[in-house]
Amino acid sequence: MILALDIGNTNIVIGCIDEQKTYFVERLRTDTNKTELEYALDLKNVLELYGITRADLEGGIIASVVPPISTTLQRAMEKVIGRKPPLVGPGIRTGLNIKMDNPASVGADLIVAAVAAVRDYPPPLILIDMGTATTMTVIDECGNYIGGAIVPGLQVSLDSLVNRAAQLTRIGLDNLKQVIGKNTIDCMKSGALYGNAALIDGMIERIEEELGQKTTVISTGGLAKFVTPHCKHKIRLDDGLLLRGLWIIYQKNL
């Protein structure tokens, strides 16, 4: 079993995984002001919550899109598991063929998700990760990473709307059963949920038209569970995709 972390701009996905299963998936708030000791205590508390000890862990691995705290979390994990975890990036073997203008610029989280998806699902693929940004990664029929799209995330869009409109308030993302809202809150929820679902459906159609093929579509990320059910396309929700990708990369670099 290993401890795996995916450090995002809003949340840190943390979990323990081995070849057989994912033992848990949790999220911690990303905080660039925390020290390595504070993060070490956070990690230790989560592991204790699930009854996992240092002796249960053979190692760890980290993917990060937040460089200022990558080393902090690396040192924090070393305090917890007793060995320094590798950080996904240059020099790490992934087995993924990235056909981009600058492969080194591709986010570690996108690479990790693609590695797991190529192993677990039939290509061509569209991978949708709904976090701070909504990213759409495209894998061709040969399993090559060929590009994608990035749009502002659902929560980022809502926060911007609320901050710039004096009469609008912050809202939750609980389920809404109709598109036509009857009050301001429901109108905002409709725009957030059905609007993002329509965006995703439209992008899937355009990507498939450009590829000239139908695709397998996978969604992941903290906000995917709110939006995916409202999409018209068949989309498989896979919350463990990133952790499985980290496990595969960890194995490739033993």
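In the predicted model, Leu127 has Thr137 of β6 as its bridge partner. Residues are numbered from 1 along each chain as its sequence is written. Because the model is predicted, local features need pLDDT of at least 70 and side-chain atom pairs count only at pLDDT 80 or more, while totals for chains, interfaces and linings use all residues; side-chain values use heavy atoms, with hydrogens and water left out.

Strand β5 and strand β6 (residues 133-139) pair in the antiparallel sense over six bridges. Strands here are DSSP runs of E with at least two residues, helices are runs of H or I with at least four residues, and both are numbered from the N terminus; two strands pair if DSSP finds at least two bridges between them. β6 also pairs with β7 in the antiparallel sense, over seven bridges, and Ala133 has Pro152 of β7 as its bridge partner. β6 and β7 form a hairpin with five residues between them, and Gly143 in the turn has a positive phi of about 85 degrees. These strands belong to an open sheet of five strands with mixed pairing and the order β7-β6-β5-β8-β9. β7 (145-152) and β9 (236-237) are at the edges and have a single partner strand each, so one side of each is left without a neighbour in the sheet.

Strand β1 (residues 2-7) pairs with β4 in the parallel sense over six bridges, and Ile7 stands opposite Ser64 in β4.

α3 lies across β5, β6 and β7 and runs at about 135 degrees to β5.

α3 and helix α7 (residues 241-252) pack at an angle of about 85 degrees, with their axes 7 Å apart. α3 is therefore roughly perpendicular to α7, a term that covers angles of 65 to 115 degrees. Among the residues making the contact are Asp109 and Ala113 of α3 and Leu241 and Leu242 of α7. By class, this contact has 10 nonpolar, one polar and four charged residues. Ala, Val, Leu, Ile, Met, Phe, Trp, Tyr, Cys and Pro count as nonpolar, Asp, Glu, Lys and Arg as charged, and the others, Gly among them, as polar.

The model has two cavities of 30 Å³ or more. A cavity is a set of points on a 1 Å grid over the protein atoms alone where a 1.4 Å probe fits but cannot get out, and lining residues have an atom within 4 Å of a point. Grid points are joined across faces, edges and corners, and a volume is the space filled by probe spheres set on the points. The largest cavity has a volume of about 60 Å³, and its lining includes Leu127, Thr137 and Leu241. α3 (108-120), β5 (125-130) and β8 (216-220) each supply at least two residues of that lining. The second largest cavity, of about 40 Å³, is lined by Val13, Arg27, Thr220, Gly221, Asp239, Leu242 and Leu243.

How values were computed. 1 Å grid on protein atoms, 1.4 Å probe; cavity = no way out; pocket = protein on both sides within 12 Å on 5 of 7 lines; lining within 4 Å. Axes fitted to C-alpha atoms, helices over the stretch in contact; angles between N-to-C directions. Parallel < 35°, antiparallel > 145°, perpendicular 65-115°, else oblique. Contact = heavy atoms within 4.5 Å.
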